Amino acid sequence: MKKSGPSRSELLDHVCSAKLFRPSDKQPLEQFVEQFEWLTLPAGEFLLKQGEASDSLYVLVTGKAQALIKQEDGHELVVGEIGVGEPIGEMEILTNDDYAASVRAVEDMELIQVPRWVFTQLARKHTEILQQMGQYVVQRMRRNQLTEVLYHIFGKQDEQSLKALEAEAEWVQLLSGEVLMHAGDSGTSMYLLISGRLQAVVPDPDGSERIVGDIHPGESVGEMELISGDSRLASVYACRDSTLVKLSRQSCFRLVQKRPELMGPIVQNIADRLRQKNQGITAHALSNKTLGIALVPASPRVNLIEFAQRLSRALMGRGGSLLLNSEIVDSLMGTPGISNAPVDDPQSVRLVVWLNGQEHRHRFLLYVADSTATGWSKRCIRQADHILLVGEAGDDPRPEPIESELLLNRDRPIRVPQSLILLHPPSTEQPLGTNAWLTPRQVKMHHHIRRDRAADMERLVRFLVGEAVGLVLGGGAARGFAHMGVIRALEELGIPVDIVGGTSVGSIIAAAYAFGWNYETMMEVIPQSTKKGFSGLTVPLVSVMSGKNMDDVITQFASGIYIEDLWRSYYCVSCNLTRAEVVVHRTGPLQFGLRASTRVPGILPPMNHNGDLLVDGGLLDNVPMDIMRDLCGDGTVIAVDVTPSISPDMMVSSQSDDSISGWRMIRDKLNPFAGRGNTPGIAAVLRRSVELGCVYTIQKSVRRNIADLYLVPPLGQFPVTNFEYAEDIAGVGYQFAKEKLSEWQRK
């Protein structure tokens with residue numbers, strides 16, 4: 001580059017005619033004309049390099065340049081061409097950030113260099129220059145983002161295709177909670193999500209809405225109905241502030257006529273989505289790597305910054321993280337108070353552009369809210385993909401004023417998942433009183449974190465990044481002892497379990513694991529306790545057994561413990577016999593949940609709950625993996641089924657009568673010369689009857705790929721009611737699980 005050229009007055013004319021400035025009065029720029037520099041750059045040379053510190057902006061006087069952004073695959077994507085009169089580096093000057101793109105001369109170029117400090121002085125004294133520049137930067141930023149999204153969907157596009165699409169595109173801005181489309185609307189347009197996140201829901205018969213999927217940047221929505229002409233099947237809401245490009249049916253037709261090659265990728269995208277849906281595959285989008293996490297104080301004493309720093313360190317192994325609070329933002333942008341700039345303030349444009357830039361640079365952004373509902377706190381909620389309510393476990397559990405204003409008293413519902421984080425001192429043995437925190441809040445998950453336990457924080461991180469591991473343990477009486485062997489294998493292989501759930505005997509072993517019991521403790525206590533529980537015959541009017549022994553065992557095991565107070569997240573399942581519904585126990589007395597989940601119909605009497613009868617969850621959901629999938633999200637679900645699809649207990653001699661008689665069984669047992677029959681007794685028949693419908697349901701669930709790993713240990717040789725073989729059954733579960741888990745890890 002050489003620094004020589006036109007006179008100062010000519011420089012001023014060039015700058016004033018540029019698209020970035022064009023002031024009505026030259027006077028603001030005239031006082032800085034001595035600071036402008038004239039530069040030349042030959043074709044092929046780089047003016048700027050992506051990631052370099054920004055110190056100036058440039059105005060192109062002659063020639064042409066290209067802006068390039070390096071992609072994850074190493075490819076440098078051309079996101080735009082820069083022509084005469086257009087600025088270069090204006091986005092970084094506006095945001096006080098490093099250069100987000102490289103700029104290379106396509107032709108010999110002549111430019112004017114304007115130092116950063118000159119622009120800063122201009123912006124402070126003349127807000128119209130700042131506002132005009134902000135509008136221009138937003139347009140260019142949108143074009144860059146659109147180019148990246150098109151590259152993700154369609155592959156590399158030439159400039160003509162990009163311009164054709166830009167000419168037809170309508171930009172749409174949604175605030176968090178706003179609706180994009182309603183189920184039943186006419187499908188007259190499609191959308192490309194440029195930034196933010198959307199959520200698709202479908203109406204249920206009871207009037208509620210069921211979430212069917214998230215839409216991330218780089219994904220399209222509405223194209224199926226656009227092509228088919230059908231009405232919208234789902235409603236779509238903005239989970240956070242989102243920017244989209246809308247293409248009407250007419251626009252798409254014009255585009256296809258001009259650039260027919262664009263239609264192929266759209267049809268392919270629809271086909272891929274249908275294939276993924278049919279195969280149970282979760283699609284990952286262009287910017288799914290970026291996660292915005294808002295941290296909101298849930299108690300007055302909580303040190304939110306300290307917790308955010310711990311979380312940031314825990315996230316570092318999974319990609320770069322950036323911690324942002326109002327003070328940090330003001331400091332990094334070099335403008336006091338900009339973090340709280342109102343939406344209609346010109347400085348707000350600078351903030352939006354800067355935050356978008358950080359999302360492209362970092363895997364995680366931690367938005368730390370103020371202690372009150374400031375402008376920054378509101379922005380944190382609107383930028384979040386996940387909201388963490390962080391409180392000290394010993395504080396008053398009632399919601400803080402900031403929670404009430406930002407999360408509870410809103411015209412539009414918060415559609416971003418919320419989790420409650422309760423911090424405990426290192427000496428805490430057992431959490432207490434968690435329900436008082438959960439009742440007034442609308443959270444999907446809660447996590448107990450001890451300050452001296454890195455494993456607690458790692459568990460939270462796995463939930464946040466979609467790597468949580470859920471273990472589901474099915475019912476099966478004595479065969480359920482295999483679950484303890486599976487747990488032993490998981491621990492030996494270093495596979496962490498973040499949430500555990502189960503049915504019947506699986507609910508008992510899952511609870512023991514949630515307590516923190518190891519394999520040895522479980523083997524010492526559970527087999528004998530379970531054997532005792534399934535004893536105590538009674539007059540068989542309601543059940544074969546009275547249930548008293550099982551109640552005594554569970555009381556000794558779980559008295560005074562609440563499910564929500566367990567260190568590891570837990571649930572168990574029972575069945576409402578009155579209403580034919582599955583009941584999921586995620587809160588309340590653990591003793592009650594276990595009693596309900598283990599009430600095998602006919603074997604043990606039902607539980608009375610508010611006038612309804614609760615029985616063993618195995619009647620409807622013996623391996624409740626669908627519940628685990630909902631709680632784990634994109635994480636890993638490991639399901640263990642100890643109920644064989646073909647039960648050896650139910651096999652009888654082919655020479656037996658077609659009608660099985662109880663009197664004949666008694667006579668054969670008393671006759672020393674009669675052959676020893678293998679006819680199942682009433683307990684075995686009742687137990688298998690409970691399993692029957694659920695075996696079919698489980699097979700359907702397996703075909704739907706709900707579980708990532710579905711384990712069925714070979715336990716057919718063990719009678720379902722024989723509790724004497726605990727070590728043998730656990731050993732089979734251990735060997736089988738270790739082999740399958742090791743193979744799964746290698747894959």
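**A guided reading of the model**

Serine 569 counts as buried, its relative accessibility being 12%. This value, like every other one here, is computed from a predicted model. The residue belongs to strand β25, which covers residues 569-576. Once the neighbours within four places in sequence are set aside, the contacts of serine 569 are with Met445, His446, Asp498, Ile499 and Val500.

Aspartate 498 sits in the loop between α17 (482-492) and β24 (499-503), whereas arginine 462 is part of helix α16 (residues 454-464), so the pair ties together parts of the chain that lie 36 residues apart in sequence. Both aspartate 498 and arginine 462 are buried. Elsewhere, salt bridges with shared partners join Arg197, Asp214, Arg240, Glu359 and Asp385 into one network.

From β24 the chain runs into a loop that ends at α18 (505-515), and serine 504 is found in this loop. Serine 504 has a phi near 55°, which is a positive value in a residue other than glycine, and it is buried, with a relative accessible area of 1%. Asparagine 610 likewise has a phi near 55°, again positive in a residue other than glycine. Asparagine 610 lies in the loop between β27 (607-609) and β28 (612-616). With a relative accessible area of 70%, asparagine 610 is exposed.

Glutamate 168 is buried at a relative accessible area of 12%, while arginine 254, at 38% relative accessibility, counts as partly exposed.

In the other, the side chains of glutamate 209 and arginine 415 form a salt bridge with an N to O distance of 3.3 Å. Here the linked parts of the chain are 206 residues apart, with glutamate 209 in strand β13 (residues 209-215) and arginine 415 in the loop between α14 (401-408) and β21 (418-424). Glutamate 209 is partly exposed, its relative accessible area being 38%, and arginine 415 counts as buried at 16% relative accessibility.

Strands of a sheet pair through backbone hydrogen bonds, in either a parallel or an antiparallel way. In this open sheet four strands follow the order β1-β8-β3-β6, and their pairing is antiparallel. Its edge strands are β1 (37-41) and β6 (87-88), each of which pairs on one side only. The antiparallel pairing of β3 (residues 56-62) with β6 runs over two bridges, and valine 59 has proline 87 in β6 as its bridge partner.

Two helices pack on this sheet. Helix α1 (residues 8-17) touches β1, β3 and β8 (109-115), and its direction makes about 90° with that of β8. Helix α4 (residues 116-125) touches β3 and β8, and its direction makes about 60° with that of β8.

At the surface, Val539, Leu541 and Val542 form a nonpolar patch, and together these residues have about 350 Å² of accessible area. Leucine 541 is in the loop between α19 (519-533) and α20 (548-558), and at 74% relative accessibility leucine 541 counts as exposed.

These details can now be set against the protein taken as a whole. Its secondary structure comes to 25 helices and 30 strands. Of the 747 residues, 53% count as buried. The accessible surface amounts to about 33300 Å², and 50% of that surface belongs to carbon and sulfur atoms. Among contacts between residues at least 6 apart in sequence, 77% join residues at least 24 apart. The salt bridge between glutamate 209 and arginine 415, whose partners are 206 residues apart, shows how distant parts of the chain are linked.

Methods
Residues are numbered from 1 along each chain as its sequence is written. This is a predicted model: local features need pLDDT of at least 70, side-chain atom pairs count only at pLDDT 80 or more; totals for chains, interfaces and linings use all residues. Side-chain values use heavy atoms; hydrogens and water are left out. Two strands pair if DSSP finds at least two bridges between them. Contact means heavy atoms within 4.5 Å. Axes are lines fitted to C-alpha atoms, for helices over the stretch in contact, and angles run from 0 to 180 degrees between N-to-C directions. Buried means under 20% relative accessible area, exposed over 50%, partly exposed in between (1.4 Å probe, protein chains only). A salt bridge is a side-chain nitrogen of Lys or Arg within 4 Å of a carboxyl oxygen of Asp or Glu. Patches are made of residues with over 30% relative accessible area and no salt bridge: like charges are joined within 9 Å, nonpolar side chains (Val, Leu, Ile, Met, Phe, Trp, Tyr) within 5 Å. Accessible areas come from the Shrake-Rupley method with a 1.4 Å probe; for residues, only the protein chains shown count as cover.
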